[in-house]
Amino acid sequence: MRPAPTILHLDMDAFFAAAEQAAKPSLRGKPVVVGGIGARGVVSTASYEARVFGVRSAMPTAQARRLCPNAAYLSPRFTLYRQVSEVVMELLHALSPLVEPLSLDEAFVDLEAGGVPAETAAVRAVGEQLRRDIRSATGLTGSVGLAGAKMLAKIASEAAKPNGLVVIEPGTERELLGPMTVRTLPGVGPATAETLRRAGIHTVAETAEAGEAELVRLLGRAHGAGLYAMALGQDDRPVVAERDAKSISVEDTFEVDLTDRTRVRSEVLRLADRCVQRLRAAGRSGRTVVIKVRNYDFSTLTRSETLRGPTDDPAVIREAAVRLLETVDTTGGVRLLGVGVSGLADFTQEDLFAQLATEREAEEAAAAAAAAAEEAAGGTEQHEAEEERPRRWHPGLDVVHDEYGAGWVQGSGVGRVTVRFETPWSAPGRVRTFAVEDPALRPGEPLPLVGGAPAGGQSSEPAILPKFLSPEPGDTGSVGEEISRR
């Protein structure tokens, strides 16, 4: 355990939903839910205004709609979220060479490795400045936790939410953790919590009092010993700058169960191609191909095949995925399909047959391109224009209209699409409705949340109310000190 709170944990506040509120002036201060919008969708992020109604991450969207029917339900815009995340991660890397991203909106930072003095006042000042820099650069807020261990820093940032900063002084860990539920500790999921509950263990203090021997008896040596150390506030895990991925995968959930075997096969091929794209984007290859099939009754099956060597060849991965699919009965209906590659490596071992198959595919593609070139120019242009148009105007999608400019889709159906025209720097915009085939309406790109506002334009400040106000520089009555005293 470090003698000073030099490990920082940053967690952006309701990240996806807050980004949508910042981008859409008409949604500020209102409940917003981001995630799958279909009947089988799942909530990814809910704004704090939606959480008041009981909406939570990982909740089925259908349940969320019952709890909060008046919220804005939007499809995720990962292009925007990645752009904002890159800005935030650059700010973190400016603090230290040791930054461990956990997701787009969450990361650990080793401030000691960045040369920050091992003093509470110094690390607090860095944390406060980071929050201000994030607000200035992105228009969004983040919560910061500072402690002498990763587990405690994460607990501190959770206590600081939203838009706050909490410091846990070394030496106060057990006093702070004691009354918390055992689910607070890393690695304690529903199954482990239920095992502990049956043994009469509900809080972190009770976990520590049970002793290492009892926890090992209940949970096994590795899990029990690790949980006992964490219940004592002991966590010596270092901040790791690079986390090596063990696998790369993609999956899709379908609004209607797939029963047509040909359609299931085509979806597997499409997922295999997407998986290869991600594999190559990461500069990796893989040796084991895995498919995941979730049936109509929620039963989930996985099948895998290990190749002779690592590859990133799309033909090899497609063929392996199809072979695996042939071993699964899908006649009852398929709810979800996934394709993944594990056993990752930084090189490929070329397969002669796969290379020949790829060459054949290239020849076929060239022949198809030659045939397409023979079509009339007008017909080709019409086909290309049709390809540019989305299959469906999802709520939240960025659009541009030739006359009205930039906006976003509020909803669509029965051949019509409703668009609200506004930007992050404008006042709430007007709503207009168009035919889905309107040639003047087309998909757009996400606008920056800050930096593009005209003089006198509206701020993109998100509407988030903190549990408590963070201390101003020089304020001696800090939240972190209050937590530490408790």
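**Figure 1. Helices α12 and α13 in the predicted model.** In this predicted model, helix α12, which spans residues 261-281, and helix α13, which spans residues 314-325, have axes that come within 9 Å and cross at roughly 140°. The two helices are therefore oblique to each other, and their crossing is right-handed. On the side of α12, the contact is made by Arg-261, Val-264, Arg-265, Val-268, Leu-269, Ala-272, Asp-273, Val-276, Leu-279 and Arg-280, while α13 contributes Pro-314, Ile-317, Arg-318, Ala-321, Val-322 and Leu-325. Sorted by class, the residues of this contact comprise 11 nonpolar and five charged residues, with no polar ones. As a general point, an α-helix has 3.6 residues a turn, so residues three or four places apart point the same way.

**Figure 2. Helices α10 and α11.** Helix α10 covers residues 212-219 and helix α11 covers residues 221-231, and their axes come within 7 Å while crossing at roughly 140°. That angle makes α10 oblique to α11, and the crossing by which α10 passes α11 is right-handed. From α10, the residues Glu-212, Leu-215, Val-216 and Leu-219 meet a set in α11 that consists of Arg-221, His-223, Gly-224, Ala-225, Leu-227 and Tyr-228. Six of the residues in the contact of α10 with α11 are nonpolar, two are polar and two are charged.

Figure 3. Helix α1, made of residues 15-23, packs against helix α4, made of residues 78-93, at an angle of about 100°, and their axes lie 10 Å apart. This angle makes α1 roughly perpendicular to α4. The residues that make the contact are Phe-15, Phe-16, Ala-19 and Glu-20 on α1, together with Phe-78, Leu-80, Tyr-81, Val-84 and Ser-85 on α4. In terms of class, the contact of α1 with α4 has seven nonpolar residues, one polar residue and one charged residue. Glu-86 also lies in helix α4, and with a relative accessibility of 52% this residue counts as exposed, since the cut-off for exposed is over 50%. Although Glu-86 and Asp-105 are 19 residues apart along the chain, their C-alpha atoms are separated by 9.6 Å.

Figure 4. The buried residues of α6 are Lys-150, Met-151, Leu-152, Ala-153, Ile-155, Ala-156, Ser-157 and Ala-160. The view also takes in Pro-162, which is placed in the loop between α6 and strand β8 (165-167). The peptide bond that runs from Lys-161 to Pro-162 is cis, with an omega near -15°.

Figure 5. With a relative accessibility of 54%, Phe-298 counts as exposed. Val-414, for its part, is found in the loop between strand β14 (405-413) and strand β15 (416-421), where its phi is positive at about 45°, although Val-414 is not a glycine either. The relative accessibility of Val-414 is 86%, and this residue therefore counts as exposed.

Figure 6. The secondary structure of the protein comes to 16 helices and 17 strands, and buried residues make up 45% of its 486 residues. Among contacts between residues at least 6 apart in sequence, 65% join residues at least 24 apart. The pLDDT of the protein averages 84, and 83% of the residues score at least 70. Over residues 454-486, however, the pLDDT is below 50, and in the model this stretch has 73 contacts beyond near neighbours in sequence. Residues 350-356 likewise have a pLDDT that stays under 50, and for them the model has seven contacts beyond four places in sequence.

Note on methods. Residues are numbered from 1 along each chain as its sequence is written. This is a predicted model: local features need pLDDT of at least 70, side-chain atom pairs count only at pLDDT 80 or more; totals for chains, interfaces and linings use all residues. Side-chain values use heavy atoms; hydrogens and water are left out. pLDDT is the predictor's confidence in each residue, from 0 to 100. Contact means heavy atoms within 4.5 Å. Axes are lines fitted to C-alpha atoms, for helices over the stretch in contact, and angles run from 0 to 180 degrees between N-to-C directions. Helices (H or I, at least four residues) and strands (E, at least two) are DSSP runs, numbered from the N terminus. Angles under 35 degrees count as roughly parallel, over 145 as roughly antiparallel, 65 to 115 as roughly perpendicular and the rest as oblique. A crossing is left-handed if the near helix is turned anticlockwise from the far one by less than a right angle, and right-handed if clockwise. Ala, Val, Leu, Ile, Met, Phe, Trp, Tyr, Cys and Pro count as nonpolar, Asp, Glu, Lys and Arg as charged, and the others, Gly among them, as polar. Buried means under 20% relative accessible area, exposed over 50%, partly exposed in between (1.4 Å probe, protein chains only).
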